[in-house]
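Colleague: I am new to this structure. Could you take me through it?

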Amino acid sequence: MDSRLLRAPITALRFVGGARLVAGEGPNVVVYSLDADGREAGIHWQSVLRNHRIHGIKERRSPSPEAEQRTLAVFGGKGLIVLELCARGKEVSLFELCQLCELHDWIWDLQWLAGNTGTLTYVGLALGHNSVALYDYASHRTLRELHCEEKCILYSAYLVGDSWDELVVVAGTVFNQLLVWRVADGSDEEARIKPQRRVSGHDGVIFSICYLKSKGILASASDDRSIRVWDVGDLQAPRDPVHCLLVCYGHQSRVWSVRLLSDYLISIGEDSACIVWNYKGEVVQSFRGHKGRSVRAVAVHEARGWVATGGADTGVRLWHIRGPESNGNGLVQLNFSPPHRNGSPKAVKLVDASRLLVMTDAGAIYSYDLASKRWALVMEDANYQAYSLLEVVQLANGIVLCAMGNLTGHVKVFPLCCPTESEEKRLYGGKVHSLSWAVCPGGDPSRHVLFASGPGGVLLWLEVSCCSSGRVASVVEKCCYLLPVCRHRWHTSIAFLPQEGRLVCGDRRGSLMLFPCSTALGSGTDTEQTLKAGQGDPGLISSQGEGNRPMQGPISLLFGLHGKLGVTSVTCHDGFIYSTGRDGCYHQLRVQDQQLQVLRKQKPCKGLEWIEQLHFTPDGNLLVLGFHASHFVLWSTRTNEKLHCVPCGGGHRSWSYGRGLASEVFAYVKSGDVLVYQSRCGPSRQHVLREPLHGRELTCVRHVGTIRAHRCWLVDILVTSSEDMTSNVIAVSESSHSLAPLAAIGDHISSVRALAVASGSWQEETSNWSAVLFSAGARAQIECYRLLLSCDHDARSGMTCQVIHVASHHLDEHWDHMRNKHRVIKMDPETRYMSIAVVAGTDAPCLFLAAACSDGSVRIFLMLESAQKLLLVADSFHHQRCVLKVETFTQRVAGDRRRHFLCSAATDGSIAFWDITATIEHAAAARELESGELQPLALAAPSLTVQAHSCGVNSLHVRQTAAGQYLVASGSDDGSIHICLIAVDTALSEPSPSLPWAVVPPGASAGARILLLEAFSRPCAHAAHVTGLRVLQPDLLVSASVDQRLMLWRLGKDSLVFLGSRFCHVADVAELDSWGTKERGYGCVLCGQGLEIVWCMAGADTQQLPSCGALE
């Protein structure tokens, strides 16, 4: 068994030389080569510590900072190894200078020491029970070991000194103290050394210690969420007493590590934050980009201002330290006081990153230059006082156009360069509700499109033409649309679809509409609705005469897509439509057969309840503009951090955001004044050296298939789920043993516990592979998606994945709907789906799903993709206790028909077998499915029940043998593995009494008996819970456990023969999945606190695998 890939928490980081970052991940050393800006230029990894996890990396001092060879000591647990790192350009290689050294105690710290004879193979080791050892790694010998007088367990230790006689130990004890003691104070090997100083002050254990000799200060990080800086002076003769110079509170949870620099100190914590402090105790920067609970490792390159962090999310990031910004947060109050001021600010709009316009409640418009800080009057019009709208757009030729709307239905358009050259039209008999500019694709750059909404839901398309001098030549009404009836009946955003002759519109009610583009008034022949002015719209005024204006309705409508608070923006990018709203979500859509189809709904981050806009950057990043409570937030989806956070008071006030090449500007009106937040240096630079996997423990993993991608590389597609409420689609390359995320899914409101994948198919019309994914978990929620996988030579993984949301189901919503009919509620709101499985032998568009539930029930669902529904069709409370696992299998019978079977396992160790054929056939034939009114059936009693274990069954797998029998393997909490062989008696029995029909309908099958042929058990197969188990072939089985062992077994006659085992570096293993063939070998993937792929029986021929477009 060979480990092919490991993604585990990053537990150690170290900068080596000028541009090398060495990371410790499980037993692996990963070397990142960086360019001058800190971006990854190359990567190399090597497994060095076998069964130990790396916790520290120390470099031996080199005479030349540019030396190509570096000596590194890598340690963790009780293991130690010394490596030589050779770097030639981007090429990196690692050589072991000694074999793995195993010590008798945990190693907390290591210090390179010079021997008396100039020997370079000595190291000092701080050990876990407050002792220090002199170790020669070349001879694998402990030369000396001294103990402190206070023998206790340490949580941290730090060594200072260049030789054994100068060595000073600073120990963080279990008693919340720092002990300082010297090796030179030990008279002989047997005597225990008395501590020189005891430093107290923390209210929790101490996790990290750091010493800065140039300042004579010591820093400690603790369980009490604080960092303390101590004035110790020279540790050879520390001051007495030791005074605390500084206490820093800023982390929201435990602080794991601290580093001291000449001007700053840096700390990382369990709250996933990396904080930069100055020596006044002030926070200079706070890096929050890692997912989940913890940042485990930190390294600092002080000369370049780099900080590298590694998290429990398996990600590695590099940050740039910078000093505090001038003018606080860059927030400036303009003190609105232009010459001849007329009114108070009512609306603000940015022209570009250096100019803004302010409209007052008296109808005056002023401009402000951010560089010269001067106000100027643009124009005044008393007709636009009290209520007025202002929208600004800059054309491709640099001309700036402004549009105003008022209460009387007038719209005025003028160029900013010559505001007196304006065009004004009265469009409505009532007020203008909204204005918005839009860019028509492929149009004349001197023309621009303005949309105006008025009373009665009338939406006008105005085409504005400009002369070369900038003067407005004409404003022509081109088309008229009618919005759907609702209370807030006006548009909020509009975007043209490229090359499709359609436009997408979002309104204040939260609806999204698709309209046709007509070349002239009345020329639209493909519209669904045509009305004329004056028919139900007395407020419409037409320049072409009353009653001559046709109005077109939408050809596609998604009513209330963003709730009742409104759509805020519509954007077209890369062939898809993106809409945002005040519901805190953004949707990805496409147009299919002239209908809007929602592909995905996403929530970018927790707490961002109002999303205003999406910005797609040239480098592929997606920036989200929105509001969190009273703060304006600019969120980066790539780095998972807030780039800007401005306390503006909320999004209900007038505001404007602009982004230039060298700066970003956010302006808003508050308390009768205009405030501007300006970031001249841009957002903090951050590089993601490795993408994170999940922020919490992984709960399930499923293999979707294997594709031959670009250059004939084999790519395995996996789906993972986690306690962090997300599921990830990832691609694993067999050639480079690398992992690349393809898509992230975050629709669950609580943890995702189980996954199931239905076998997919190749779609010739779209040239991609299609599969159906189900995810289920807490709060009784199931989500269904269709995955479209295709080869992409430009992508790093060679693959791309499009996720389409198909359907969802919530048990609480189901029983709330049924409550009015039956006056009963059968569902506990805390019900959790423990396991799900696609019913074997069922295919799209009617897929059946079996679910094991924590409330003691087994439920069967039907997925109708065409109707986008997931329906509950049957259930049973046979187990009367939490059901942990479900599996399904099928049997072919005469007439090319299939019988469907289900097996379920519960916490009492029992496994029940059901024949669900009649239930499946009746549900598939029911006419009530499309309406969703189907009454759930009650499953009959199981055909067979086997008491396999004495406690809960955590793993279950079924495989058919060549003889047509079924091998059922299960693993339990008690560490045992149970094997049983069953067969199906095809003799028909009586119809099930649970069905509501008096007789078996035509085409339905009666139940079949299930016979138990053999059964045996292997007690204590593992030392802990067996959480993963797969029958690879009829005589071969693999199992995984919380004891971190992956074991291979041979299935014999009434016995399970041990073949071999491998230590896995994934803690708390939750699930195991496998794939492959006997000829090619078997891949086994484990998940828990990380992800590991182990290959069994490797070395088979890969030439027979299908090419891209075919999947196993």
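The questions below go through confidence, cores, strands and one annotated span.

Colleague: What is the mean pLDDT of the chain?
Modeller: This is a predicted model, and confidence is given residue by residue as pLDDT. Of the chain's residues, 88% reach 70 or more. The mean pLDDT of the chain is 86.

Colleague: Which element of the chain has the lowest mean pLDDT?
Modeller: The highest mean among the elements, 96, belongs to strand β24 (residues 255-260). Over residues 520-538 the pLDDT is below 50, although the model has 39 contacts there beyond near neighbours in sequence. Where pLDDT is low, predicted coordinates should not be read in detail. The lowest mean, 41, is that of strand β47 (residues 530-532).

Colleague: Which element gives the largest share of the largest nonpolar core?
Modeller: That core has 34 residues, and Val 29, Val 74, Leu 80 and Leu 125 touch the most other members. Elements giving two or more residues to the core include β4 (28-34), β7 (69-76), β8 (79-88) and β12 (122-127). The largest share, six residues, comes from β8.

Colleague: How many residues are in the second, separate core?
Modeller: Among its members are Leu 460, Val 464, Leu 482 and Met 551. This second core is separate and has 26 residues.

Colleague: Why is strand β83 largely enclosed by the rest of the structure?
Modeller: A residue is buried when its relative accessible area is under 20%. Strand β83 (residues 1026-1033) is largely enclosed because, of its eight residues, the number buried is eight.

Colleague: Which residue of β84 stands opposite Val 1031?
Modeller: Strands β83 and β84 (residues 1036-1041) pair in the antiparallel sense over six bridges. A hairpin through two residues joins β83 to β84. Opposite Val 1031 in this pairing stands Leu 1037.

Colleague: Which residue of β51 is opposite Thr 571?
Modeller: β50 and strand β51 (residues 576-581) pair over six bridges in the antiparallel sense. The residue opposite Thr 571 is Tyr 578.

Note on methods
Residues are numbered from 1 along each chain as its sequence is written. This is a predicted model: local features need pLDDT of at least 70, side-chain atom pairs count only at pLDDT 80 or more; totals for chains, interfaces and linings use all residues. Side-chain values use heavy atoms; hydrogens and water are left out. Two strands pair if DSSP finds at least two bridges between them. Helices (H or I, at least four residues) and strands (E, at least two) are DSSP runs, numbered from the N terminus. pLDDT is the predictor's confidence in each residue, from 0 to 100. Contact means heavy atoms within 4.5 Å. Buried means under 20% relative accessible area, exposed over 50%, partly exposed in between (1.4 Å probe, protein chains only). A nonpolar core is a set of buried Ala, Val, Leu, Ile, Met, Phe, Trp, Tyr and Cys residues joined through side-chain atoms within 4.5 Å.
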